[in-house]
Amino acid sequence: MYKYKFDFSGKVAVVTGGNSGIGFETVRMLINGGANGLFTGRDEIKGDIAAEQLKEPGSNLTFLKADISKPEQCKKVVFSTVEQYGRIDIVINNAGIFKANAIENVTESEFDRIVDTNLKGAFFICKYAVPFFKKNKSGTIINVSSDAGLQGNKLSSAYCASKGGLTVFSKALALDLASYGICVNCVCPGDISTPMLHKDLETRRNPEKYMEELTKSYPVGRLGQPEEVASVICFLASGISEFITGAAWTVDGGITAG
C-alpha cells in the first residue's frame, strides 16, 4: 500500500464518482489531508458504505447520489456543496464509464451515455463551479481523462472521443481561467485495477489471456493501482503545484511514451 499525505486543511472538495477505484482513493487522500467535502455516485448503497469507510475523526464528508450526465444534477452537486460548506476549492471530475465496441455496433443511446458521463458531466460541473472560483480568485479543477484521451485504443471509438474531448477541454478551460488564479489540469491514467476494469474483463471471451496480454503491453510490466493515480490528482489539487495548469499528466506505466 502506498502512503501519501497532502495538506488540505480548510479546503472543500468535490469528487464525482467517489464510490470506488480512483475516486475512492482520491477522497481518502483528501480527507486524510484535512479536507472536507462531498463525493458523488449513482449507487446510493455503495455511496453510503464508502462514506462510512472513508470517514475519519474530525472530518466532514458527505455522499450525494447524483447522475452527472444530467446537467441539472451537476448544478445540484455544486450548489449543495457550497450550501453545506460555505465554499468550494477543489473539483475533481472522476466519474466515467467504459464499453468496448466496434463503431458499427455503437448505438446512439450508447454513444450518448458514454459522452454524457465522461465529457458532458465534467463540463457542467465546471460550469457551475467556476463562478464560485472566480469570486474567490482561486480554485483547482482536475479532470480524470485517460491514455485513450491522448491516443486511440482499439474498439473504443466512443470512449476515445469522450476522453479526447475531456483532455482538450481541460486545456481550453485552463487558458480561460488562468488570470483568475484558477488551475485546470487533467490526469490520463492507463489501465488501473479498478471495478471498471474488472467489469470490462467479464465481457471478454478469455479474461485471463486478455489480462496477460494487457499487462505485457505496459513497459513497467504491470497495471496501475488506484492510489497511484489518486496521489497525482492530489498533488495537482494541492498548493504545491500552483504553476501547473493546462497540463495532461500521464499515469500509465509508460504505455503512451512509445
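The charged end of Lys 127 sits over the ring of Tyr 128, 5.5 Å from its centre. That ring belongs to an aromatic cluster formed by Phe 79, Tyr 128 and Phe 132. Do keep in mind as you look around that this is a predicted model.

**Around the cluster**
- Lys 75 lies over the face of Phe 79, at 5.5 Å from the ring centre.
- The count of aromatic pairs comes to 8.
- One of them is edge-to-face, because the rings of Phe 79 and Phe 132 have their planes at 80°, with centres 5.6 Å apart.
- Phe 79 lies in helix 3 (residues 71-85) and Phe 132 in helix 4 (residues 108-136), so this pair ties together parts that are 53 residues apart in sequence.
- Phe 79 is partly exposed at 38% relative accessibility, and Phe 132 is partly exposed at 22%.

**A tilted pair**
- Phe 235 and Trp 249 are 5.6 Å apart, centre to centre, with 50° between the planes.
- Phe 235 is partly exposed at 23%, as is Trp 249 at 29%.

**Helix 2 (residues 44-54)**
- Its buried residues are Gly 47, Ala 50, Ala 51 and Leu 54.
- These residues cover an arc of only 105° around the axis, so they sit on the same side of helix 2.
- Their cover includes helix 1 (21-32), strand 2 (36-41) and strand 3 (61-65).
- The face turned away from the buried side carries the exposed residues Ile 45, Glu 52 and Gln 53.
- At the start of helix 2, a side-chain oxygen of Asp 43 comes within 3.0 Å of the backbone nitrogen of Ile 45.

Terms used
Residues numbered from 1 in each chain as written. Predicted model: local features only at pLDDT ≥ 70, side-chain atom pairs only at ≥ 80, totals over all residues. Heavy atoms only, no water. Buried < 20%, exposed > 50% of the residue type's maximum accessible area, 1.4 Å probe, protein only. Helix = DSSP H or I, 4+ residues; strand = E, 2+ residues; numbered from the N terminus. Arc of directions from axis to C-beta. Contact = heavy atoms within 4.5 Å. Polar contact = N/O pair within 3.5 Å; in protein donor to acceptor, adjacent residues only side chain to side chain. Phe/Tyr/Trp six-rings, centres within 6.5 Å; stacked < 30°, edge-to-face > 60°. Lys NZ or Arg CZ within 6 Å of the ring centre and 35° of its normal.
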